[in-house]
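Subject: Structure handover

Hello,

Here is the structure for your files. Please open it alongside this note.

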Amino acid sequence: MTDAHATPSETAKSPERGHGSGIALLVIASCQLMVVLDITIVNIALPHIQSSLGFSTESLSWVVNAYTLTFGGLLLLGGRLGDILGRRRVFIFGVLLFVLASLLGGLSQESWQLLAARSLQGVGAAIASPTALSLITTTFREGPERNRAFGVFAAVSAGGSAIGLLAGGLLVEWLDWRWVFFVNVPIGLLIAVATPRYIKESERHPGHFDILGALTSTIGMVLLVYGFIRASEDGWSDALTIAAFIAAVVILAAFIAVESRSKQPITPLRMFRDRNRSGVYAMMLSLSAAIFGMFFFLTLFVQNVLGFSPLKAGLAFLPISAIIAVGAGCASQLLPRWGPKPFMVVGAVFAAVGLGWLTFTNVNSTYAGSILGPMLVFGFGMGLQFVSLTLMAVSGVRARDTGAASGILNATQQVGGSLGLSVLVTVYGTASRNEATDQVAKFMQEATPAQRLEFRRTGQLPAPWSSEVLTSGIASSFVAAAVFAVVAALVAVFVIQVRPDDLQRLQGNGALPGVPAESGAETADGPAAGADDAPEPGTERPPPDG
C-alpha cells in the first residue's frame, strides 16, 4: 500500500557522504544537547536565583517544572509540526524560539519573568527536539550509518543531564547565574545558521493540525505532573492533589477518544499496536524516572552532605557522561549483530544494580568509595539503553509519522522524568520525616543549650542531625528508583521481541522480506511511505491515516 502524500523527494535524500554528513550530525546533536542539559544546568544555580529574584523555597521548584512541563506537554505537537510543515524549517524555528527565551530568562528582573521565559524555553525545546530526531531518519542511510548517528544522539540525550550540572557549576562559580541562560544564545544562533547549509529539507506531508488532541494531551499531562508534584509537597489527601489527578484522568481519556476519531491525529494510536514500540515507551518512562531521580538526589547529597562547591559538584558528575558515551558507542557498534533486546535487558539490569548500590549511602559515605562506582555502573547501563530504545521507537515508522513517533519517545522521557521524580520526592519526604522524628529526640539529648534555643527559633535541625535526615530520605528514594529500573528490565524481557526483519534493517540490507518496496520498506534515503503499514502475523492491516 502506498501513501498518497509520500512521493520520493529530492529534499528527503541523504547528503553527500563525508564532511557534510558529519557536520549535519554535529548540528542535530548540538541542538539536542542544548535542550536536554537545560533541564539540569539550572539546578546548581537555584540558590543564587532564589536570593536574586526573591523566590520562596516552595516556588523555586517551578523554575525547573515550568520548563519540563511545557517541554513534555508539547512534544507531541512539536513532532507533528515537523511532519506537516517540513522538519528543517520547524527545527530552525524551535531553535530560535529557544534562543529568544534563553535571552529573556537571563535578563529577568522578577520571578514571574523568569518563569514565563522558562515556559517559553520549554515550547522551543518541544518543537526542536522531536524534529531533531526525525531529521536523523531523513539525513542518514539505514544501517550502520544511521546506527552510529542514533548512537551519538542517544549519548547526548542520556549524558546531557550530567554535562548540564558541570556547565552550571562552571558558569555560576566563574561568572553569574544569568549565564546558564545566556550561554544558549550563541550556541543556538550557530545551530540556526548551520542548519540550512548542511541539512536538507524533508518532504512535507499535507494535513491539518490536531489542535484538540494537542490541547487535551498537553493539559492532561500538565495536570498529572502537577498532581504528583503537589502530592510530594502537601500529601496525597490534599484536595487539590485529588482534583488534579481526577481532572488528568478525565482529560487524558478525552485525548484518547479524540485521537481514535481523528483522521490525522497528533498521536496515531495504531503505532501502539506494535508491542515493541509500546514496550519501548514503557521502558523510557521507567528509566527516565530513575535517571532524573539519580541526578537530583546525588546533587543534593554531594553539596549538602559532602560539602562540594557548585564547580566541584559539576565535576563530580563528569565521569557519568563519559561512561554513558562508552555504553552508547558499544551498543551502536554491536546492535546489527545481536539486535537491541540484549542491550535493553543488560542495560536495565546495570541501571538497577547501580541504583541498588546507592541505597547503602549514609552520612559516612565518600564520593570515591560510595558514589563513583554505582554511578559508573548506572551510567553504562543507561548508555546501552538509550541507543536501543531510540532505534526501536522509530524503526519501521512511515515517513510522515516519524515526527509523531519521536515526539512520543521524547514526551515519555520528559513526562516520565517529571512524574518519576515527583514519586521519588514523595518517598524521600516520607522517609525523611520518619527519620527526623528520631533525630529530633537525639538532638534534644545531645545538643548544647544554645543549639536547642536556635532549634526552637528556626525549627531546623543543624548538622550532623540534619545530614542524617537528608541521607535517610535519599537512600529510600534510591530504593524506589531501583524498582523503576527493574520494571524496565521486566518489560525488556517479556514484551520486546526482535524479529529477523528488524536485524536486517539494522544491517542496512534494504527492503524487508515479504514486504514489497513500494508498500513501505524503508529505503536508503529514509523511511518510505508505508513502513508502519506492514501488518504483524495474525493482525489486520491498520487503516491509512487520513
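Below is what was found, starting with the whole chain and moving on to single sites.

This is a predicted model: local features need pLDDT of at least 70, side-chain atom pairs count only at pLDDT 80 or more, and totals for chains, interfaces and linings use all residues. Residues are numbered from 1 along each chain as its sequence is written, and side-chain values use heavy atoms, with hydrogens and water left out.

**Whole chain**

The protein chain has 20 helices and 0 strands. Both are DSSP runs numbered from the N terminus: helices are H or I with at least four residues, strands E with at least two. Buried residues account for 57% of the 546 residues. Buried means under 20% relative accessible area, exposed over 50%, and partly exposed in between (1.4 Å probe, protein chains only). The accessible surface comes to about 21100 Å², and 66% of that belongs to carbon and sulfur atoms. Areas come from the Shrake-Rupley method with a 1.4 Å probe; for residues, only the protein chains shown count as cover.

Contacts are heavy atoms within 4.5 Å. Of those between residues at least 6 apart in sequence, 84% join residues at least 24 apart.

**Aromatic pairs**

Rings of Phe, Tyr and Trp (its six-membered ring) pair if their centres lie within 6.5 Å; planes under 30 degrees apart are stacked, over 60 edge-to-face, the rest tilted. The count comes to 7 aromatic pairs. One of them is Phe-297 with Phe-478: the ring centres are 6.5 Å apart and the planes stand at 75°, so this pair is edge-to-face. It links distant parts of the chain, with Phe-297 in helix H12 (residues 275-304) and Phe-478 in helix H19 (residues 465-494), 181 residues apart. Phe-297 is buried at 0% relative accessible area. Phe-478 is buried too, at 1%.

Phe-308 and Tyr-367 form a tilted pair, 6.1 Å centre to centre with 55° between the planes. This pair also links distant parts of the chain. Phe-308 is in the loop between H12 and helix H13 (310-316), Tyr-367 is in helix H16 (residues 367-394), and 59 residues separate them. Both Phe-308 and Tyr-367 are buried.

Phe-308 has a charge over its ring as well: the charged end of Lys-312 sits there, 4.4 Å from the ring centre. The rule asks for NZ of Lys or CZ of Arg within 6 Å of the ring centre and within 35 degrees of the ring normal. Finally, Phe-297, Tyr-428 and Phe-478 form one aromatic cluster.

**Cysteines**

How many disulfides are there? The count is 0, taking a disulfide as a pair of cysteine sulfur atoms within 2.5 Å. Cys-31 is buried, at 0% relative accessibility. Cys-330 is partly exposed, at 33%.

**Single sites**

Ser-365 lies in the loop between helix H15 (341-358) and H16. With a relative accessible area of 6%, Ser-365 counts as buried. A polar atom of its side chain is 2.8 Å from the backbone nitrogen of Asn-362. Not counting residues up to four places away in sequence, Ser-365 touches Phe-301, Leu-306, Phe-360 and Ser-370.

Arg-118 is in helix H6 (residues 111-139). Is Arg-118 buried or exposed? Buried, because its relative accessible area is 0%. Leaving aside neighbours within four places in sequence, its contacts include Asp-38, Tyr-67, Thr-70 and Phe-181.

Ala-331 belongs to helix H14 (residues 318-338). Ala-331 is buried, at 0%. Beyond its neighbours within four places in sequence, Ala-331 is in contact with Phe-343, Leu-384 and Val-387. Gln-385 is 54 residues from Ala-331 in sequence, and their C-alpha atoms are 8.2 Å apart.

Gly-416 is in helix H17 (residues 402-446). Gly-416 is buried, at 3%. Setting aside residues up to four places away in sequence, Gly-416 touches Leu-285, Ser-288, Ala-289 and Ala-411. Ala-282 is 134 residues from Gly-416 in sequence, with 9.1 Å from C-alpha to C-alpha.

Ala-243 lies in helix H11 (residues 239-261). Ala-243 is partly exposed, at 41% relative accessible area.

Best regards

Terms used:
Polar contact = N/O pair within 3.5 Å; in protein donor to acceptor, adjacent residues only side chain to side chain.
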